[in-house]
Amino acid sequence: MVVPVRERVLSYAILIAMAVLVLIPVVAGSLTAFKPQIIWISSPPVWFFEPTLENFEFVLITRQNWLHLRNSLIISIGSVVIALILGVPAAYGFARFRFRGSKGLMQWLISLRMIPPIVVGLPFYAMFLFLERATGLGLRDTHFGLILTYQTFLLPLVIWMMRGYFVELPAAMEESAMVEGYTRIGALWRVVLPVVWPGIVATALLNFIFAWNEFFLALILAGNNTSTLPMAAGTYIVRARVEWGNLFAVNLIIMMPVIVLTIFLRQQLVKGLTFGILE
Amino acid sequence: MKVVLKDLVKDFKSADTVAVNRINLQIDRGELAVLLGPSGCGKTTTLRMIAGLEQPDSGRIYIAERDITDLAPKDRRVAMVFQNFSMYPTMNVYDNIAFPLHAIKMDRKEIDRTVREVARLVNIDQLLERSVRQVSGGEAQRVALARAMVRRPEVFLMDEPLSNLDAKLRVQLRTEIKRLHQDTGTTFIFVTHDQEEAMTLGDKIIVMNRGDIQQVGTPHEVFFTPRNAFVANFVGTPSMNMLPGSLRVEESGRIFVGLPGFELELPRRFEAGLRRMSSHHVIWGIRPEAIRLVSAPGGNCVPGVVELVEALGSRDLMFVRVHDQLFGVIVDALDSVAAGQACLLHFDGAHMHLFDAESELSLLLDEKAKGA
């Protein structure tokens, strides 16, 4: 497709303006993460300085935020893995089979995704508390407790996205494999999953970002043992003071995996999110 | 292998009609049987039940005397080629063909030998290393054929495998499927809505409509002696001219069929069957090929005006208006009459069809059979 020069110039101008608008706070903040404390909030802001890692050293080691990093990784990866294990087969089921109430169930699942976390936070806390008292099974302040809670939001997203990919594929694809000597599960594994792989990557990444950034539910349900990175970031906003350098150091740590993953998986992501129509 | 369907029923509860309505069918060993019918007639559902992709509500399916009704698709020793799917997109041509062999844990050397042998059979041995992006629609369908053949199935099932191809390729692959059938001697069951495809391919044609089998016969039988009005109308292009009419039997024994605006005489040999059917309501029909242009008036000749002429190549299809009825007439292109001109049509009694107006069953079948 050939785009006229004028249109191309215009579209690039708009894109650059948007990028600048979005990137200014990110860049300014990220720079602050490398500033020594005395110039954190200097006015006018200092743009050229000798970068230092003292903020990172402080947050990760002195304040032991590496523990939060570990918690965030465990909870996010755990959430995504469980959501995929449960959600991908469910999505396949919704895509291929019609059963009593399948349509209503699907709509209910999508509506779950629209609930603000604040609505489920307290009930989950109450349920965890009740479960603990009734059975002694403690879920508060455990990685598994948060992973379980996040399924409320991750599972609908996984099912909804993956169902879209499965619906696009002709059913004859796995039927062919079934006639050729495979079970339905075998056909799914050997034939269908390799085709929707970019979709799985895209789904996993979007879900990872949700779990990785999640703050509110963690605030309610996590404790000393499971506190996540976004919560750690919150600790640098204290009383009337904000420790900008430390805050941005944590922020950068939070942003890094998402940025790196997105760059690494860019091709899969574009393929997955557009389902190959851009090729 | 011999395939037998016994009292097979499939009812998708969502639809108004029963998809497959208690059909009985026998397809003999080595036969190429074609299930022919309009969309929604149950032909694909029947095929999918044989493959095991659809479970019948009742009835049994036997392949080579073995009851396979409750077996999983993979255990039925059948192969299937689909209309809208031909290649696994994540594998190249070679791996596609090898795919069914991995299911039976064949050793690598044997797989390689088999894949190359089958690829040669369908003329894609030079494409083995290609990916799905690098093969055309026709080639992809050959890959599907190869993949179907590679396990030496007892029955080949084909669900409109040529419908998505362009006309030229369709004819070419049709010939190859026929050749494949002759070379392998396996039972083929081929589903299509294209009656020309059915005629050229089939040893036996099973015409279906609304979940019922309308007629089973050779291509000639379903074309020349349709058992009912549906088969008569569905088989043949351009389709048969059909009109409502009523019979008139004279004292002398001559039988006429009264049509809107004119009357035609039926041949004497129909006399026995129709003698007592005076004023019986019928559907009368005649194929466009059986109407002739004549220059002098005579028996069964009717004047008309040509409205439209479609060139078919060596022959023309004329639409001729006779007493407010439009008739399709096929004539040699050299004899064609221009649109707007008058002409004289002769209806050959020997090629007329009569169906009961109510049951739509043929009234002539027995007589024709006798005459033949």
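Lys and Arg count as positive here, Asp and Glu as negative, and His and the chain ends are not counted. Each charge is placed at NZ of Lys, CZ of Arg, CG of Asp or CD of Glu.

This is a predicted model, in which local features need pLDDT of at least 70, side-chain atom pairs count only at pLDDT 80 or more, and totals for chains, interfaces and linings use all residues. Residues are numbered from 1 along each chain as its sequence is written, chains are lettered from A and ligands numbered from 1 in the order in which they are written, and side-chain values use heavy atoms, with hydrogens and water left out.

**Stop 1: chain B**

Select chain B. Its 45 positive and 49 negative side chains have centres 6 Å apart. The C-alpha trace spans about 80 × 45 × 40 Å along its principal axes. Of the 372 residues of chain B, 52% are buried (under 20% relative accessible area; exposed is over 50%, partly exposed in between; 1.4 Å probe, protein chains only).

**Stop 2: a sheet in chain B**

Pairing requires at least two DSSP bridges between two strands. Strand 1 (residues 3-10) and strand 2 of chain B share five bridges. Pick V4(B): its bridge partner in strand 2 is Q26(B).

**Stop 3: helix 7 of chain A**

Select residues 172-179 of chain A. How many of the eight residues of helix 7 are buried? Eight are, so helix 7 of chain A is largely enclosed by the rest of the structure. Now show what covers its buried residues: the cover includes helix 3 (65-96) and helix 8 (184-213) of chain A, and helix 1 (43-51), strand 6 (78-81), helix 2 (93-103) and helix 4 (137-149) of chain B. Contact means heavy atoms within 4.5 Å. Past the helix, click G181(A): its phi is positive, near 115°.

**Stop 4: N246(A)**

Go to helix 11 (residues 244-264) of chain A and select N246(A). Is N246(A) buried or exposed? Buried, because its relative accessibility is 5%. Beyond neighbours within four places in sequence, N246(A) contacts W40(A), N55(A), F58(A), V59(A) and Y236(A).

Conventions:
Helix = DSSP H or I, 4+ residues; strand = E, 2+ residues; numbered from the N terminus.
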